[in-house]
Amino acid sequence: MSKQAKETTRLDTSYGELIWRRFTKSRLNLVCLIFVLFLFLLAVFAPFIANDKPFVIRIDGKLYFPLLRNLQPSDYCIFLAAVVVLWNVIGRLLPFSVPLGLRRMNHRNTSGLGLSVAIVSVGAVLIFVFVPRRFDAVDYKTMDACGKATGAIFAFIPYGYARTELASRRQPPSSRHWLGTDDVGADVLCRLIHGSRISLSIGFVAVGISVVIGILVGAILGYFGGWIDFVGMRFVEIMMAIPVFFLIITITAFFPRSFLNIMIIIGVTGWTSNARFIRAEFFKLRKQDFVQAAVSLGLPLRSILFRHILPNAVAPVLVNATFGISSAIFIEAALSFLGFGVAPPTPSWGQILSLGVSTSGRFLWWLTLFPGLAIFFTVMAYNVVGEGLRDATDPRLSKVA
Amino acid sequence: MTTYIIRRVLLMIPTLLGITIVVFAISRFAPGEPVSFTGGIGGQIDTGQTDVTSARMKLYGLDKPIHIQYAQWLWRVMRLDFGDSIKHHRKVSELIKERLPVTLMLNVVAFLIIYAVSLPVGILAAVKHGRFFDRASSAVFLMLWSLPVMWVGQMLIGYFAGPTFKNWFPPAGLSSNYAEQLSFLPRLADRLWHLVLPVLCLTYTGFAYLTKQVRASVLNNLQADYVITARAKGLSEPAVIFKHVFRNSIIPLITIMATLLPAMLGGSVIIERIFSIPGMGLLAFEAITSRDYNVIMAVATIAGILNVAGLLLADIAYAVVDPRISFVSAI
Amino acid sequence: MKQDEILLSVQKLYVSFSTEDGDIKAVQDVSFSIRKGRTFALVGESGCGKTTIALSIMRLLPAGQGKTISGEIIFENQDLLKLSEKQMRRIRGNKITMIFQEPTTSLNPVHKVGNQIAEAIRLHQNKNAKQAWADAVEILRKVGIAEPEHTARAYPHQLSGGMQQRVMIAMAASCKPALLIADEPTTALDATIQVQILNLLDRLQKEIGMSILLVTHDLGMVSEYADVVAVMYASRIVEKAPKGQLFAEPCHPYTRGLLQSLPRLDVSAKRLEVIPGTVPEPLYFPAGCKFHPRCPTGQKNKRCRTVEPELREVQSGRYVACWYAPGYEKR
């Protein structure tokens, strides 16, 4: 490449492209990123992959579509969120602009993010209000088996995560149940797949909550300093003083067990590190000239904090967020293992793990090995991605030979 | 120096008060009342005995306004009176006196092992950074860090302490049933034998975390200017590392000591549950499943106090080791 | 050794680093000699390679950066580049010492200043701790620190920048070296302190009889304290001459440009003179003479654009690397 051409590409690479290039230098990073994407797709499409209701079935000559009819509001929410996220990601990867609502969006600007979040939130509310919860107790498999119905096309793993089959409890892996069954006869593979939804959604939502709280607290403490910072830091120290896990299990002891509560609890106990990062960055940045310029222009406080300073301060928090996700997944698994997490029949990896040693002392290895591997690979993938991101965004590391 | 310590202790007090407020608030603002347990879980069974319920509420002081309840509770806590355990029907402070040493012993042993392994490995990885040892140990520790504790614990029991595979270690407890009849040394050996698996579980996550911190700190210092000065004086490389780099590198690690201990306390809950070790973690677990509120609050408070005490110790150690910390400096 | 004998001779030194973006040729074809008791100044802008030369003499270049060194550095009838590490350590801090730009970070923050000086003394002279400490205090006195016993017990952060640099000089002079390399010794200090430090170096030079290699970008400093000056540009020496001749009659266009750009009090001018253009990046050195894009003569001449001029002696003791320097092309 001629000297001029190389110079222009170097000048032209955006920060994001630079990080991407550094990140992908290691193949392990790329592999783990692909795994993370795979898990994401698995979680989104779980009801299509493992479901005991067939896609299509013919009963008495009429075609029914039980699987599609029985999709729950939470499924629709997840689809909506996934579509919006993918649209944002793909839209930014393309070199040309892509319309999103009223604004153009490409890999250089961040317009449309607010719109996306709004779409997801409003959509979620509408879905939960308007889509009815169906519960179809019809056992399509028996119908198909005994010939009452014909032409049934089942999902790839034809089991439901809540369907109990007491006749086949605690079976080791076989050709029927590839990873065995648990103590109520549910297929382990199916529960693992649906469990990924729980783990990932808890991970993302909890981290989202902790990032938002952390940014708010950190920004205010860091920007104002003085006695606000003094008092605020005492409060942060108090939150940090109680060991996090203890705090979580204490809170779960007092509040009813539910999916939403777990997300909130993990998020509300994990924001302190984010707050400290943001506070440190804001301390550094608030004396910079561009902040003085914004203040002298008379911009409102929220604009100064969030449109001007925050984009410069947010990098360590984003890196920390990946570790937060892996940590949230781990905490959720631990809680479910101890019996304080989501309640059955909601599938959770930790809960399956807790069944590994039966009450009679038998070691049911398939109930220990597979969910353990699932947690291990997921947590490791996020950790590797987090480490890769941290190395890619740390300017000092490139100087170390 | 003494003024520094006094300052630090004084700053601890609002934090400690804050902990008690948080713990108390959680317990009181949660839905449900403690006494409803007697009416079935979740208070579903209506015993119809309202006067019994109100009498019990009076007994536990639950009918007074909330700040009075807090003040009363705080006053009792300061005298180390945490009330009675609903489940065990004993004083909570007695329970804690029994269980706390067990957990502390477990954690301290694990702590020492973690430091004994991580320091040399971290230093070596930093000195040979970029080369095979560094990358291999990084990869190994990354994997270890991602292993979920309950999985490892259960696998260890299943494969090494159970009837199905190997039976090398005991699956539960701190000592065998016949331990009291043994003399000192065999009893110690028996205790150690029981500790192997739980300590293994507690330590491996710590390895990953601490080795990475050690490596980062040493690497940071290896690039420092004073290292070039030391080499320019003609010091050999091992002398440079041990006389110069090491002392500077351990300074940030002292604060980490303070954060490692509470993390391990949390992990204790899972490990004590898996291995049935009668420590604070198991106490907390049982208390939560049986809604033994006094015990829960006591454990949370004590965990917080221990944590703050650890931070204080770390601060003092930091000031002792780093001459740049002036004792009259700001908070 | 007589006065004026050659102490250190660098012959055809080439240093390059291989990076993922290509090879960085930091030092190319550099040759010079330092005489006993004299001050040799190596002048140039940041990045021209002068610090690399200094570190190469001490063999202190950071390891493992894919560096290639060729050439010879003759000192006391030995080629320093071919010595083993052990042999080199006996020379470092003892016969050849170095002081650095940032005294604040070049001193170990956790060790007392006196100990840091004594360390070098104990290493190279067979003295015990007590004697070494006494020597350290003595040398602190010699470098002009009042109350040396008190200062020796201080930590680096308790001293001012000027005092820290005096400590560094004390450390470097403690073993009465034959050569002291000063890499930008005053750049980080206030103007008044700069003069003090340079005078101190001058005085020590006369007392100990050591040679000084002064690496700097400050021409003012060079005009006061140097005996022989070598001007570097983009990894090469472009002019080398005794100080008086260089400042009176610079031969190389770069030297001329540097001298012209110095602001002067005795000449009134509306605008300061500059050398147009910027220093080329090591990965993208121009072909031919590296200065030609910025040289009024070089831009017009094909030879300057294609063939690199080597350093040649044009008069006794004067060396230039420019096709159009007077006396360069002897027929």
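## Ground rules

Residues are numbered from 1 along each chain as its sequence is written, and chains are lettered from A in the order in which they are written. Because the model is predicted, local features need pLDDT of at least 70 and side-chain atom pairs count only at pLDDT 80 or more, while totals for chains, interfaces and linings use all residues; side-chain values use heavy atoms, without hydrogens or water.

## Confidence in chain B

Let's start with pLDDT, the predictor's confidence in each residue, from 0 to 100. Chain B has a mean of 78, with 82% of its residues at 70 or more.

## Meeting chain A

Here 52 residues of chain B are in contact with 46 residues of chain A, contact being heavy atoms within 4.5 Å. The buried area (accessible area, 1.4 Å probe, lost by two parts on being put together, summed over both) is about 4,400 Å², and carbon and sulfur atoms give 79% of that. On the chain B side, M150(B), W151(B) and Q154(B) lose the most area to chain A, together 15% of what that side buries.

There is one salt bridge between the chains, meaning a side-chain nitrogen of Lys or Arg within 4 Å of a carboxyl oxygen of Asp or Glu. K212(B) pairs with E387(A) in a salt bridge, with the closest N and O atoms 2.8 Å apart.
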